[in-house]
Amino acid sequence: HNNTRPKTHSNNYISHTHTTPRDIQHPSIHSHKQTHTMTDSKVWVSTSAIDAILHPKDSHKPRMGMHGSLGASNNSDNDESDTVNWGWTSAVILEGGLNRPGDNNNNNNNMSFLADLLRQIFANKLIDDNRINDPVFTFNPPPILPEWSSSTTCSFLSPDFVFYGQLIAVILLQSCFNAILGSLVYKILIEPTTSLKTKDDKSKTTSITSTQFLFAYGFGLPMVVMEPIYMLKFLDIRNAGLRMVFLATPIVNSLRIKEALYGFTPIAAKKDLFNYVIYFSCSFGIIFDPITQQPKRASLQFLSKRLKTIGRDFIIMSFIISILNEYGYEYFDTRLPADSLEHSLADLFAWQHLLNNFFVAVLLSFSLSQSSIGVSLIYNLLYRYETYEIVLNPMFKSTSPSEFWGRRWNTLVHRGLKNGVYKPTRSYTSSKTTAVFAAFAVSGIIHEFVNYVMFADNNRRSNAYVFSWKQMVFFGWNGVLIAMEYCIGHWMVFRWMARRLPKIIITALVLCAALPLAHLFTGDWIRHGYFDAVYLAEPILVCRNVDGVG
């Protein structure tokens with residue numbers, strides 16, 4: 001740097017000051033039509049090495065090692081010195097290089113660019129709700145509620161649309177990951193064991209090989225479990241609602257890997273590689289045509305119906321969450337908070353406790369319906385195929401525990417548990433009751449995992465998440481209810497009730513069998529901020545008195 005400065009042509013390729021222009025005027029750059037970011041740095045550099053990069057046609061010239069020098073080559077096209085010098089210099093660094101074919105750093109640079117882009121997309125952590133400072137409109141309501149007065153002002157707040165931008169990014173990321181993994185699952189677990197047709201047109205399947213078993217339990221399942229954990233840490237996702245979308249992958253695809261291993265994948269899904277990749281990459285259930293066994297195209301009528309459904313859910317969610325948020329999602333005062341494990345028998349059956357659990361269960365039901373249809377709508381537009389509606393009004397139409405869990409509440413997970421746990425267990429044990437308990441046990445484990453990842457690894461609150469087997473107890477109890485339904489549901493008294501009582505009464509009785517322990521399912525979601533995270537994505541009505549009370 002202090003001895004011999006490299007001679008250059010008319011353009012300055014290297015600057016020894018920190019005032020270098022942002023763009024380098026070089027033919028090789030302009031031929032690729034790229035704009036490169038420039039930064040000033042201190043580097044240990046060989047002037048000849050830089051010259052070789054900027055003048056690739058001369059890169060065949062012999063070079064010397066550190067502190068070496070070499071006279072001009074005989075085939076030099078100019079009379080300028082080719083002296084090589086090493087040392088510390090202030091240089092302008094071209095991020096990404098010239099992107100010439102054969103540059104080994106290009107892939108790394110592209111990955112670095114993608115990582116930086118993702119971090120920028122998820123830079124807003126969506127924790128603090130500041131929408132009250134910028135309402136869509138405000139008005140003074142009539143004093144129809146005891147908390148309202150002539151000084152009450154209500155503000156309508158629009159959703160935080162950054163949430164939806166990040167949601168789309170999450171879906172794209174997870175779809176790509178699931179498509180790659182799904183292709184491996186098909187090639188290793190499904191294709192080798194595809195049913196073989198015999199002369200009497202009956203199918204038989206081969207047994208599970210050690211390779212398939214090791215792939216499923218040693219690679220596939222660990223991948224779907226660890227991938228969202230890594231991505232949540234890498235992108236520093238803090239909003240519990242977005243964390244939950246990431247966790248759709250282990251919830252659904254862990255069960256799809258098990259159903260593929262044990263041979264219970266739906267026939268249409270395993271017809272060919274394309275069908276299975278579509279099936280596996282969509283975490284919200286692709287509908288297949290029963291005749292053609294191809295994914296069913298989403299018609300305008302289907303999309304119109306889905307838009308109406310999600311519009312309904314937005315209205316209901318906005319109304320319910322606007323009210324419950326004001327009371328910390330516990331409308332009635334109780335002796336213990338919802339996430340407590342110290343409820344006595346009297347506390348469990350107190351009407352305040354039961355109604356609080358009912359309100360939060362309704363909120364969660366419509367939240368799950370809204371989010372699943374919203375995410376499915378993105379898949380409908382992205383894939384142009386129909387998807388299942390996975391929540392079918394379980395809180396007001398269920399007439400038995402089996403109908404509640406099997407045909408109305410999260411039917412997508414139900415299908416996964418049925419094909420991935422219930423059927424394999426029953427095929428090995430020939431016991432319906434054992435298979436039911438196995439399915440609910442796995443459901444409890446999955447929910448324990450979801451809660452732990454969603455809350456324990458997101459401890460930026462003072463109330464840290466503590467693992468306490470609540471989900472296992474709750475889903476274990478519901479397994480008992482369904483087993484009892486199988487055992488005594490045919491008794492005369494229950495058949496009489498099913499015929500004579502109004503359906504709303506039957507639904508209330510079904511819910512009352514589970515509501516005393518429902519806080520084990522929803523209590524942590526209240527305490528650790530899941531509903532507060534969802535609150536950001538909803539249009540909200542907030543009413544406050546001028547003095548800030550109410």
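At what angle do helix 13 and helix 16 pack, and how far apart are their axes?

## Helix packing

In this predicted model, local features need pLDDT of at least 70, side-chain atom pairs count only at pLDDT 80 or more, and totals for chains, interfaces and linings use all residues. Residues are numbered from 1 along each chain as its sequence is written, and side-chain values use heavy atoms, with hydrogens and water left out.

The angle between helix 13 and helix 16 is about 115°, and their axes lie 8 Å apart. Helices are DSSP runs (H or I, at least four residues) numbered from the N terminus; axes are lines fitted to C-alpha atoms over the stretch in contact, with angles from 0 to 180 degrees between N-to-C directions. Helix 13 contributes P401, S402 and W405 to the contact (heavy atoms within 4.5 Å), and helix 16 contributes residues including F474, N478 and E485.

## Largest cavity

A cavity is a set of points on a 1 Å grid over the protein atoms alone where a 1.4 Å probe fits but cannot get out, and lining residues have an atom within 4 Å of a point. A volume is the space filled by probe spheres set on the points, which are joined across faces, edges and corners.

The structure holds 6 cavities of 30 Å³ or more. The volume of the largest cavity is about 200 Å³. Its lining comprises 17 residues, and F404, W405, F474, L511 and A514 are the closest to its centre. Helix 13 (401-408) and helix 16 (470-488) are among the helices that each supply at least two residues of this lining.

Methods: On a 1 Å grid over the protein atoms alone, a cavity is a set of points where a 1.4 Å probe fits but cannot get out, and a pocket is an open set with protein on both sides within 12 Å along at least five of seven lines; lining residues have an atom within 4 Å of a point.
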